[in-house]
Amino acid sequence: MDKNKQIILALVSVLVLYAVLEALMMIGILGPYWQEIMRYAMVVAIGALGLSIIYGFTGQFSLGHAAFVGIGAYAAGLFNLTFRHYGIPAFLGSLVVGAVVAGLVGYLIGVPILRLKSDYLGIATLGFGFIVTNGLQNADKLIPALGGARGMTGIPQVQSFGWYYALVLIVVILVRNFVFSTHGRACTAIRENETAANVVGVSPARTKIMAFTMGCALAGLGGALYAHNIPFLHPDSFNFLESINYLIVVVLGGLGSLTGTVITAVGWAFIMEVLRMVLGPLYDFRGVIYAIILVVVIIVRPQGVFGGIEASFLVPQIKRRKAHAAAGD
Amino acid sequence: MVSFIQQIVNGLQLGLVYAVIALGYTMVYGIIQLINFAHGDVFMVGAFMGYYGYTFLKLPWPVALVMAMVVCAVVGVLNERIAYRPLRYAAKIAALISAIGASFFLEYFCSLNFVFGPDYTVIHPPIPNITWIIGGVRITNVQVIILVTVVVFLALLQLLIFKTKMGSAMRTVSFNHDAARLMGVDVDQTISFTFAIGSALAGIGGVLFGFAYPELWTFLGVMTGLKAFIAAVLGGIGIIPGAVLGALIMGQVEIMTAAYISSQARDAVAFAILIIVLLIRPSGLLGRNELEKI
Amino acid sequence: MPLLEIKSLGINFGGLRAVNKFDLEIETGEIVGVIGPNGAGKTTIFNMLSGYYAPTDGTITFKGKLMNGLKPFQVAQQGIARTFQNIRLFPEISVLDNVRIGFHPRAGYNLVDSILHTPRFMAKEAELTDRALDILATLGLEDRADIKANGLPYGAQRRLEIARALALQPDLLLLDEPAAGMNPAEVGQMVDLVRFVKEKFDLTVLLIEHQMGLVMPICDRLVVVDFGEIIASGLPQEIRDNPKVLEAYLGRRAVA
């Protein structure tokens, strides 16, 4: 199928899907319970795309991703709490604030930390995650509204699905643009062979920091959305287990595959709910299941379910503009 | 001044416990360049095993200690066989992800009610409390037991590594797997043995921990394990004396932080140390820098 | 002015003096070969030239600029490209993308352009894609542009690595054992390729090689290195009969 037709078909499908979902919600087939999960699925998708940039595309192993989601959530929450009388603009402003603050912290941490190699980077980001959770639990000593270990409440809630859906769409398009550009190629070059990338003119430090900052900013955006989907923010929602959640999505979904990441993120949000229903009071032990999934996937299919596979409408077509000059000219 | 020395004594107690755990991390890293994420959970298993041994099986505590060591060794070896061996020559990150999975599995599985249960368990060590006061400083018999036990096993470890055939095999495999194979060393067996020893030591740490801090929890291994790992990195990952040195330092720093700064800061300080070490001197205090061959 | 001037280059690794008092001047348009037994320090010299190791002493001057202390990506941006002894491609990405990465330093658009796919992005990306495809066509790889790099046969992978280096539009090309692992027929093809590429892309070439079948026909000059030092230099014919060179090689191996 012609590339333009592919893109149009994809866009139409996306809009149709949205219309169908909204209809189901209006009729009542998808009640408030499922609506919250759908919104949560969008949040996970955005955060996972962030980790996908960092790990899937650039190969930097971050075990502290949830910490940045948390930073975004709390920053956005505080912003909207303060300016809530402005309504929607405050909401949008808080999304920007969440992304920017998380991205900024990611940059500051990234500059020193990204010099470390893979397994050590993992441990360092893990450590940073603990420091952040620790900090959030004591944050009320500095800013009482942040709630500390008691949790943060009062953030205006945004429940209309359209915002979440639209944001995921926008993020997918922007990330896709990034991936299929020289900057995206620089990231994959670093992932594939940092030494060779270096000698081909790609600065490892600059590329890694760029990817990490962008990934953390997306995490912050996801967190900012999350803060408006849940009436009560708690530091425990952004702990190591959550970081592993995101890691599972990216690893399972497929390194370097946007399609895989989004599908797996949405699927994972629903699987989590299924787990909650199936496990009942044992839900707290879902760690055993995470563990088995992780170990099995990494041994049996380390490139993930969709590893190396991308929806064709996302991949740009390569066209030659001019005829090739014959050899020997 | 007296309370300062008291803190040093307390720090020494903690440091010694960290030391036996850190040894396991460093030995495994030395031989397969893997951060054994699940090691802290083996420590936790050891703590519970010791507790069950002297509480429910009414064993004398040295026997319970040995039982814990054996169980931990088995868990460690199984862990290596199932989660690590298939990925031994794959990407580092793959092995680390598998290690994380193994760690989660141990934690959550042990949290199930028919295993150790998810709650904090207060335990009663079978050692009558004897305290000596020397120059105003309190020293307990538990602290002496910890010191003696750790020193004895350190000495045994030294003997093992430098005076036995298996020890020499361990050192050879640490250097280069293929070269070791060509010299007739069974690499798989040597690695399993290393895990067994390291895990047994973690088991000792677990039992001793129970004596000193008698409250157990299935997620005990997370923080304690991470701090012991940081200790190994601080001293020089892969270097056995480094693990001990790093652990003693970490123990001191943690106790001093809790005493003179705040209790909440303990964990954050530990991670701050990790990040500083990794950035400034990643080979650790006793380590040497090695250039990558391009 | 010589394109590349290396004066008294030396490096210590701990207590080992791996390279010592290495001097070399290369004029634009030359093809110079560095030969010597294994472990003589040739790749170490390349690694210093490309910026991986910082020399302990001596200077490297390229186009009049001092290169000591520059990082590899900066060296690449100055106009020195290199290939590796044990091919270092980007295995999981396409042949075309492997080459397009070489255009990264001079892509002509910034991060915002990338994220928003601005008109400037579209124009510049099309331009660099065309040029990348041209390079691939020149090296006979255009028909395989979409497959993953690790799907190519060995000889094609070597050509791809050279294609990637050419994307940098270098003035100086460092080839590290380009004929490694090749049989005599393939070496002959490599000789033709190096000559062709040098002419078409107006390059100066410095290469390391063991295979005399490659070195003799194409090098204007040879430099022989042993134990990190130059033991002889001159025309290929002179070097071939130089007793010191023979000793360095034959003294360690059965036959050349």
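Modeller: In chain B, helix α6 (residues 165–175) packs against helix α8 (residues 187–212) at an angle of about 105°, and their axes are 10 Å apart. Axes are lines fitted to C-alpha atoms over the stretch in contact, with angles from 0 to 180 degrees between N-to-C directions. α6(B) and α8(B) are therefore roughly perpendicular to each other (65 to 115 degrees). The model is predicted: local features need pLDDT of at least 70, side-chain atom pairs count only at pLDDT 80 or more, and totals for chains, interfaces and linings use all residues. Residues are numbered from 1 along each chain as its sequence is written, while chains are lettered from A and ligands numbered from 1 in the order written.

On the α6(B) side, the contact (C-beta atoms, placed from the backbone, within 7 Å) is made by M166(B), A169(B), M170(B) and V173(B). α8(B) contributes V187(B), T190(B), I191(B), F193(B) and T194(B). By class, this contact has seven nonpolar, two polar and no charged residues (charged: Asp, Glu, Lys, Arg; nonpolar: Ala, Val, Leu, Ile, Met, Phe, Trp, Tyr, Cys, Pro; polar: the others, including Gly).

Between chains A and C, the contact draws 29 residues from chain A and 36 residues from chain C. On the chain A side, α6 (161–179), α7 (182–192) and α8 (194–199) each supply at least two residues. The largest share, seven residues, comes from α7(A). This side of chain A divides into 12 nonpolar, 12 polar and five charged residues. Chain A as a whole has 12 helices and two strands (DSSP runs: H or I, at least four residues; E, at least two).

Definitions and conventions: Two residues are in contact if their C-beta atoms, placed from the backbone, lie within 7 Å. Angles under 35 degrees count as roughly parallel, over 145 as roughly antiparallel, 65 to 115 as roughly perpendicular and the rest as oblique.
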